[in-house]
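Here is a short note for someone opening this entry for the first time. Please keep the structure in view while reading the points.

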Amino acid sequence: MARNRAVFFDRDGTLVEAIMREGFSKPTAPFNLDELHFCEGALHVLNALRNRGFKVLMVTNQPDVAHGYLSERDWERVHRWIIYKLQFRPDEVFMCRHITADNCGFKKPSPLMIRYAACVHDLDLQKSHIVGDTRNDVVAGHEAGLRSTILIKRPYNADVQSSDFVVLSLFEVLKLPIF
């Protein structure tokens, strides 16, 4: 029987500030280091959840190179800076780099990325949670059978209404009665 519990975090718009760009219908990841900023409280929240006995895992769709928005080299520079240079080390990062048209089964809103992580880390999904900023995060969490889904309210996600909890900031995650 699975013994571990986890909090899954989306990357962009949840832990790292998403970028609103002219000509794009939705926010994007940072395309260079000048655009890279952590959401307020990100490191504090991750450490607090670890101290409360949760594994901290990142589950993220990262299709920007496949879309041609930036080079692999630039994407790698930003991602490495997030994970290594700033000691922002989740227990593991799971990601899909495909675009929607590729029909990858691992890409959120599919629950497969979460279910795979559960196998790798011996997780009890009914004792685990997801924090995200999009409908895809919420749907993936529900379909994976997580205990709860937590949506961080952003100007671009007002239409997402099926989350178990809605918070205004990462700091508010720690105030939820589930933690």
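1. Start with Tyr-116. This residue is partly exposed, because its relative accessible area of 46% falls between the limits of 20% and 50%. Bear in mind that the model is predicted.

2. Which ring pairs with Tyr-116 at 6.0 Å between centres? The partner is Phe-106. Their planes stand at 70°, so the pair counts as edge-to-face. Phe-106 sits in the loop between S3 and H4, while Tyr-116 belongs to helix H4. The two are 10 residues apart, and the pair links distant parts of the chain. Phe-106 is partly exposed too, with a relative accessible area of 23%.

3. The structure holds 6 aromatic pairs. Another of them joins Phe-94 and Tyr-116. Here the ring centres are 5.8 Å apart. The planes meet at 85°, which is over 60 degrees, so this pair is edge-to-face. Phe-94 lies in strand S3, residues 92-96. Tyr-116 lies in helix H4, residues 112-121.

4. Is Phe-94 buried or exposed? Phe-94 is buried, because its relative accessibility is 4%, under the 20% limit.

5. Look next at the aromatic cluster. Phe-24, Phe-31 and Tyr-69 form it together. Phe-31 also has a charged neighbour: Arg-21 lies over the face of its ring, at 3.7 Å from the ring centre.

6. A further arginine is placed over a ring elsewhere. Which residue has its charged end over Phe-54? It is Arg-5, and the distance to the ring centre is 3.9 Å.

7. Leu-174 counts as buried because its relative accessibility is 13%, and the limit is 20%.

8. What does Leu-174 touch, leaving aside residues up to four places away in sequence? Its contacts are His-44, Val-45, Ala-48, Leu-49 and Arg-52.

Methods:
Residues are numbered from 1 along each chain as its sequence is written. This is a predicted model: local features need pLDDT of at least 70, side-chain atom pairs count only at pLDDT 80 or more; totals for chains, interfaces and linings use all residues. Side-chain values use heavy atoms; hydrogens and water are left out. Buried means under 20% relative accessible area, exposed over 50%, partly exposed in between (1.4 Å probe, protein chains only). Contact means heavy atoms within 4.5 Å. Rings of Phe, Tyr and Trp (its six-membered ring) pair if their centres lie within 6.5 Å; planes under 30 degrees apart count as stacked, over 60 as edge-to-face and the rest as tilted. Helices (H or I, at least four residues) and strands (E, at least two) are DSSP runs, numbered from the N terminus. A charge sits over a ring if NZ of Lys or CZ of Arg is within 6 Å of the ring centre and within 35 degrees of the ring normal.
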